[in-house]
Amino acid sequence: MDILAERISDSELEVMKLLWKAGEPVTSTAIREQLQRSMGWEATTIKTLISRLVHKEVISQEKRKVFYYRPLISEKDYNGWATSRLINKLYKGSAAALVAALVDSQGLTDGDIDELRALFKVED
């Protein structure tokens with residue numbers, strides 16, 4: 001997973017997000033239309049991103065009447081990897097240091113803190 005996820009660029013991640021959100025195989029036309037609308041990208045740029053993701057083996061391509069694409073890694077797995085990478089890169093592997101930085105920068109709302117408390121609540 002580390003090698004695959006590390007090779008996904010920010011632009012390619014936009015394609016992945018679209019595929020994860022769809023939850024089913026998506027045509028190249030649908031990908032192109034959505035990304036042209038949301039990102040303002042040219043069709044050639046989108047085709048290049050799709051081709052790169054297929055080549056990197058993080059999405060699959062299936063030929064029916066037209067090509068359909070689906071992710072080969074889950075959003076949950078990718079997000080877990082990205083979070084671990086962030087913690088390791090910026091906080092020397094300490095999730096507590098990440099949370100402390102969020103608290104110090106006032107990046108957590110009262111609601112966020114309540115959610116964290118609920119997550120860490122230990123049942124006796």
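Buried means under 20% relative accessible area, exposed means over 50%, and partly exposed lies in between, using a 1.4 Å probe on protein chains only. Helices (H or I, at least four residues) and strands (E, at least two) are DSSP runs, numbered from the N terminus.

The model is predicted: local features need pLDDT of at least 70, side-chain atom pairs count only at pLDDT 80 or more, and totals for chains, interfaces and linings use all residues. Residues are numbered from 1 along each chain as its sequence is written, and side-chain values use heavy atoms, with hydrogens and water left out.

**Stop 1: helix α4**

Select residues 43-55. This is α4, with 13 residues. From first C-alpha to last it reaches 18 Å, close to the 18 Å expected at 1.5 Å a residue. The expected span is 1.5 Å times one less than the number of residues.

Now colour Ile-46, Leu-49, Ile-50 and Leu-53, which are buried in α4. They lie on the same side of α4 because they cover an arc of only 95° around the axis. That arc is taken from the directions from the helix axis to the C-beta atoms.

Turn to the face away from the buried side. Thr-44, Lys-47 and His-55 are the exposed residues there.

What covers the buried residues? Show α2 (10-22), α3 (28-39), β2 (59-63) and β3 (67-71), which are included in that cover. Then step just past α4 to Glu-57, which takes a positive phi of about 60°.

**Stop 2: the largest nonpolar core**

A nonpolar core is a set of buried Ala, Val, Leu, Ile, Met, Phe, Trp, Tyr and Cys residues joined through side-chain atoms within 4.5 Å. The largest one here has 21 residues. Select Val-15, Met-16, Leu-19 and Ile-31, the members that touch the most others. Helices α2, α3, α4 and α5 (75-91) each supply at least two residues of this core. Helix α2 gives the most, with 6 residues.

Zoom in on Met-16. Leave aside its neighbours within four places in sequence, and Met-16 is in contact with Ile-8, Leu-53, Val-58, Ile-59, Pro-71 and Ile-73. Contact means heavy atoms within 4.5 Å.

**Stop 3: aromatic rings**

Rings of Phe, Tyr and Trp (its six-membered ring) pair if their centres lie within 6.5 Å; planes under 30 degrees apart count as stacked, over 60 as edge-to-face, and the rest as tilted. By this rule the count is 3 aromatic pairs.

Select Phe-67 and Tyr-69. They form a tilted pair, 6.5 Å centre to centre, with 35° between the planes. Phe-67 is partly exposed at 31% relative accessible area, whereas Tyr-69 is buried at 6%.

Next, take Tyr-78 and Trp-81. This pair is also tilted, 5.8 Å centre to centre and 40° between the planes. The two are about one helical turn apart, because they are 3 residues apart in helix α5. Tyr-78 is buried at 9% relative accessibility, and Trp-81 is buried at 13%.

**Stop 4: charges over rings**

A charge sits over a ring if NZ of Lys or CZ of Arg is within 6 Å of the ring centre and within 35 degrees of the ring normal. Return to Phe-67. The charged end of Lys-63 sits over its ring, 5.0 Å from the centre. Then pick Arg-64, which lies over the face of Tyr-68 at 4.1 Å from the ring centre.

**Stop 5: Ser-28**

Select Ser-28 in helix α3. Ser-28 is partly exposed, at 27% relative accessible area. Neighbours within four places aside, Ser-28 is in contact with Phe-67 and Tyr-69. Finish with a distance: Ser-28 and Ile-87 are 35 Å apart, C-alpha to C-alpha, and 59 residues apart in sequence.
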